[in-house]
Amino acid sequence: MHRRFIVPSAIAASLLLAIPASAAEGTVGAPGIGDPYYPASGNGGYDVSHYDLRLKYRPSTDLLEGTATILATTTQELTRFNLDFGLEVSEVRVDGKKAGHVKNGEQELEITPAAPLAKGRSVSVVVRYAGKPSEVKINGWTSWVRTPDGAVAAQEPESAAWWYPSNDHPLDKATYDISVSVPDGTQAISNGTLQSQSSKLGWTRFNWRSAQPQATYLTTLAVGKFDITTDTTSDGLPVVNAYSKDLGANAGAARASIERTAEVAEWLTGVFGPYPFDALGGYAPNVTSGFALETQTRPFYSPKQFANGSNVSVVVHELAHQWYGDSVSLKGWKDIWVNEGFARYSQWLWSEKEGEGTAQELADYTYALHPADDPFWKVKPGDPGPDNQFDAAVYDRGAMAIQALRNELGDETFFALLKGWPAEHAHGNASVGDFVTYAERVSGKPLAALFDAWLFRAERPAAPAAAGPHALHSAGQPARPASWKKIAATDSVHDHR
């Protein structure tokens, strides 16, 4: 996971106050979807069902030209509505008719249709645009990163506004067709399945499809010169992995890790249930960042993740998100624990499976690393605040909470719960509160106190200890599990800096 490093709680509060109350009612769609962590994210008044993006990109100049067709249903009468977008727009049509459009601030595209739209109406919106995404700054930064031979769009919690207009919040998931034309000899990598590829007059067009609902921040695009490997899983799903041709010393370790994607996904089906999408894979472009991101069906990996050798643990983390975070997406960004706590815990389960330290041993060791006065315990994973949304505590204290739950329920009920949750909420959205309610219903046990101690109190809980002694080192602390170094090396998955 990666984070946008820039919206502290004070700014978030000021943004919330800046949205006029009148925008949330009447016939004008709200300029935000209502997330207190990111008040400007998303929009009100409609639900998107599908994005059709037809793009042309010139790596030499960073010029992106696009036509986005957005299919949506209105949820109120609309005389005006917004899309989140940063590039220059030349034309907007609503249901085939020219519509008024104006840029308001850095990312709000205000659209006025020729006639008001009734509530419950199916609507098509066509937006024509062009620009250089790396030069567009929203809140002082860009999520579009140029590479020596192309560019990459992969960021959290926002990346769409730099390359296509959208309702940019996980609450409004949609299906996608992404068609990208790039110079011959260059590839365009995106989510889902490659439907077709064709060349004409020096340009090659790649057509990608995401047939299951997808959050905007989980949409990715990578343009460059890649070595691409393809395969199918034992269930017949296509696997596409891509590696920049200039990864240098990290190339071998990246391949040795990402090429195990199908194996890891097969193992995760035994933990979380059937794989929720129709494709999988991963890609490693030539970028200088250090993070990884669970872009749907095709996670993004920075080469630095493999600077110290192969690390399958980061692949486990990002693939676990395909169930916890991608298929079951958060309702609001305060619910990030449902994504990150379980992705980290999957790394602990992989360690257990590989005989390099049980989840209990990892929980004990992690707990011992943080004494009661450590600021680590001040972060509440169940609602960490925008300043701490991707703090290490969300991951590690979040995983300890899951081990405490396992100890409370026993393995049979616990692992049934891990499979049942993504099945019950497949391709939808859910909150931390929804998970607590679900766990109590499935287990038949009152669990509010356990979750309160581990997720919502700014203090060190009692250790998630299970019966039986654990190996100690000479100082009387739990011994470091063999997997710890590899797991700790993935901490940068959520470090923007």
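Me: How do strand 11 and strand 14 pair, parallel or antiparallel?

Reply: Strands of a sheet pair through backbone hydrogen bonds, either parallel or antiparallel. In this predicted model, strand 11 (residues 174-183) and strand 14 (residues 203-214) are antiparallel, with nine bridges. Strands are DSSP runs (E, at least two residues) numbered from the N terminus, and two strands pair if DSSP finds at least two bridges between them. Ile178 has Trp208 of strand 14 as its bridge partner.

Me: What is the strand order of the open sheet?

Reply: Eight strands make up the open sheet, in the order 5-4-8-2-1-11-14-13, and the pairing is mixed. Strand 5 (97-98) and strand 13 (193-200) are at the edges with a single partner strand each, so one side of each lacks a neighbour in the sheet.

Me: How many cavities of 30 Å³ or more does a search of the whole structure find?

Reply: Rolling a probe the size of a water molecule over the atoms shows where empty space is left. The search finds two such cavities. A cavity is a set of points, on a 1 Å grid over the protein atoms alone, where a 1.4 Å probe fits but cannot get out; lining residues have an atom within 4 Å of a point.

Me: Which element gives the most to the lining of the largest cavity?

Reply: Strand 2, with three residues. The lining includes Tyr46, Ile70, Phe81 and Val125.

Me: Which residues were counted?

Reply: Residues are numbered from 1 along each chain as its sequence is written, and side-chain values use heavy atoms, without hydrogens and water. Local features need pLDDT of at least 70 and side-chain atom pairs count only at pLDDT 80 or more, while totals for chains, interfaces and linings use all residues.

Conventions
1 Å grid on protein atoms, 1.4 Å probe; cavity = no way out; pocket = protein on both sides within 12 Å on 5 of 7 lines; lining within 4 Å. Points joined across faces, edges and corners; volume = space filled by probe spheres on them. Helix = DSSP H or I, 4+ residues; strand = E, 2+ residues; numbered from the N terminus.
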